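Visitor: Could you take me through the packing and the open spaces of this protein, one step at a time?

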Amino acid sequence: MSAVNDTKLKSIKFLLTGLPSHRDTHLWISIPFCFMYVISITGNSVILFIVKTDPSLHEPMYIFLSMLAITDLGLSITTIPTILGIYLFNSREISLDACLAQVFFIHLLQYIESSVLLLMAFDRFIAIHNPLRYAFILTPPRIAKMGLVAVLRAMVLILPLPFLLKRFQYCRVNVLSHSYCLFQEVMKMACSDITVNSIYGLFTKLFQMGLDSMLIFLSYVMILKTVLSIASHKECLRALNTCVSHLCALLLFYTPEISLSVMHRFGKGSYPLLQILLGYISLLLPPLMNPIVYSVKSKHLRGRIIRLFIK
């Protein structure tokens, strides 16, 4: 009986969904996706290389930026095979095991990115509230421990997801709403009771992203309180200006992610095109824009990148 069940699980296929278009136009649609992936991978790789090779950038802010770049690289690499597979090779089928692996890595990396954005908010608070002890508080060993905690917390929350999905029987038309696998999407394809999975998925979302966003909000409340106590108007603006890049990264990450989560839970299949577009934005936009935003706003980083390409 177990062998029969294993055979059934291995034979399960899901169909991924791309933007509605004729097969002949898929190649043209793939061009902007290829362009975005090249920029994302190049931009994040350049930031990692520069931070690693330039001793003057071995500061807490840039170490946290490196963590963000690693996470964004992972997200790009995780989604490349299925998204480009659809538009370049019309390959829509994905096996259950491959789908569950993608579910694990996408959600793991998203949760790690949420934690890294929280650490970056804490970094900005310490830099503004206590600049004289900034380097003493955020030492490299302490930053490494904070990063490890972020990874372990995400791992503990996400590890059960593939196992919760694998125990289901799938007997419906397994057509997913996106070009990649998400926990909520795969769960809805099951013909079993999904109450436990739905509750656990909501719990992980609230415990990770809900808690992180609340702590980020509190960090900025304390930052504003500190900034408003500064007598000099010029110093006040300078302090706020150091937070602009991080605020942009927050908007790029949380806005599409929250919108997509609301649509998955309450949309009930309405506006499928909007779901597909929000799905692309939530996974492709942060890795694409984060290196650009930080390179434009950070004078030191921008200068180092220009020198690198001139050489």
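**Core and pockets**

Guide: In this predicted model, the largest nonpolar core holds 88 residues, and those that touch the most other members are Phe-14, Leu-117, Leu-165, Tyr-170, Val-186 and Leu-301.

Visitor: Which residues does Leu-117 touch, not counting residues up to four places away in sequence?

Guide: Leu-117 is among the core residues that touch the most other members. With residues up to four places away in sequence set aside, its contacts are Leu-68, Ile-216, His-246, Ala-249, Leu-250, Phe-253 and Tyr-254.

Visitor: What is the volume of the largest pocket, and which residues are the closest to its centre?

Guide: The space in the largest pocket comes to about 360 Å³. Its lining is made up of 15 residues, and the closest to the centre are Met-61, Tyr-62, Arg-124, Thr-242 and Ser-298.

Visitor: Which element gives the largest share of the lining of the second largest pocket?

Guide: The second largest pocket, with a volume of about 270 Å³, is lined by 14 residues. Two or more of them come from helix 9 (195-228), and likewise from helix 11. The largest share, seven residues, belongs to helix 11.

Technical notes. Residues numbered from 1 in each chain as written. Predicted model: local features only at pLDDT ≥ 70, side-chain atom pairs only at ≥ 80, totals over all residues. Heavy atoms only, no water. 1 Å grid on protein atoms, 1.4 Å probe; cavity = no way out; pocket = protein on both sides within 12 Å on 5 of 7 lines; lining within 4 Å. Points joined across faces, edges and corners; volume = space filled by probe spheres on them. Helix = DSSP H or I, 4+ residues; strand = E, 2+ residues; numbered from the N terminus. Core = buried A, V, L, I, M, F, W, Y, C linked by side-chain atoms within 4.5 Å. Buried < 20%, exposed > 50% of the residue type's maximum accessible area, 1.4 Å probe, protein only. Contact = heavy atoms within 4.5 Å.
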